[in-house]
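Please examine the sequence and the model shown here before reading on.

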Amino acid sequence: MKITVDDDFDLDKIINSGQCFRPRKTEDGIYRFITGKHTVDIRDLTKEAGEKNVDRATELEVSCSQNEWDDVWHQYFDLDTNYRKIRKRIPSDDLFLKNCAKSGAGIRILRQDKFEMLISFIISQRKSIPAIRTSIERLVGLYGKDGFFPEPEAMLAATEDELASCGLGYRCSYVYNAARRVALGEFDLEEMNNLPDDELFDKLKSIAGVGDKVANCVALFAYHRCGRAPVDTWIARIINEHYDGVNPFNGYGPVAGIMQQYMFYSAIR
DNA sequence: TCCCAGGCGATCT
DNA sequence: AGATCGCATGGG
């Protein structure tokens, strides 16, 4: 089925923007995304035709039905938000950000699975992105069904040796305890969707292994709190080198997280 | 082999 | 509050 997206939309940038770890591009140029119990294969017909242009629409060929696209993937890719408009509203005196946004045009802030983001970003601390991917895929292999990310309940049966075999190292107890607390209902990740940003942030941080950075990543990439801007080593370096050590993200208001993604992508690519 | 990775918690001052 | 330090593995 064909889908037209009349806004910034670049799947290569999305899967390489560090916000997701499982989506991949196959050798045939097909992008595979998985969220919850849904999988979709996408081809970018515009890119294949060599006609990719940030100011024009993108034609996609998707493997799912129109209903599934509308119910799942439309929201997942945040297609109700106009990124082009947001990107062009960046004031020209912030030249560094403007250049980052130019190189990152096409990135979207995905609405990803809450439990998957929580576990993934707990794992992410002090790991390279390839190493994060390896650990997550091992978790999926051990506790997931049919290639989907594990249910929290499935991880209750985990042993320390099994988790260690996923390369989690000292994060084993963090991952196990987070999964246990979600499985036992101590943390209702869906209910937390109703909390204001600050309360969501504090609640996430009450999980061992979740600090400022991980809590902001979960808030941004699972709860779509686009005013949150995670500060990691890359962003900290940018703040020091380009903003005189003063965190600029408060000034970006409700789109701070989007600006953070442009900068992060620009830094790691 | 060596170095460091999308940080965090504990333990200081 | 702010600074420092140890931490388990895996990529490059």
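Which helix gives the most to the lining of the largest pocket? It is α11, with four residues; helices (H or I, at least four residues) and strands (E, at least two) are DSSP runs, numbered from the N terminus. This is a predicted model, in which local features need pLDDT of at least 70, side-chain atom pairs count only at pLDDT 80 or more, and totals for chains, interfaces and linings use all residues. Residues are numbered from 1 along each chain as its sequence is written.

A pocket is an open set of points on a 1 Å grid over the protein atoms alone, where a 1.4 Å probe fits, with protein on both sides within 12 Å along at least five of seven lines; lining residues have an atom within 4 Å of a point. The largest pocket holds about 510 Å³ of space, a volume being the space filled by probe spheres set on the points. It is lined by 23 residues, of which S124, K127, K213, D232 and T233 are the closest to its centre.

The second largest pocket has a volume of about 280 Å³. Among its 14 lining residues, D113, F115, P150, E151 and P152 are the closest to the centre.

The sheet is considered next. Five strands form an open sheet in the order β1-β5-β4-β3-β2, with antiparallel pairing; two strands pair if DSSP finds at least two bridges between them. Because β1 (2-5) and β2 (24-25) each have a single partner strand, they stand at the edges, and one side of each is left without a neighbour in the sheet. Four bridges join β1 to the antiparallel strand β5 (residues 58-62), where K2 of the chain stands opposite E61.

Definitions and conventions. Chains are lettered from A and ligands numbered from 1 in the order in which they are written. Side-chain values use heavy atoms; hydrogens and water are left out.
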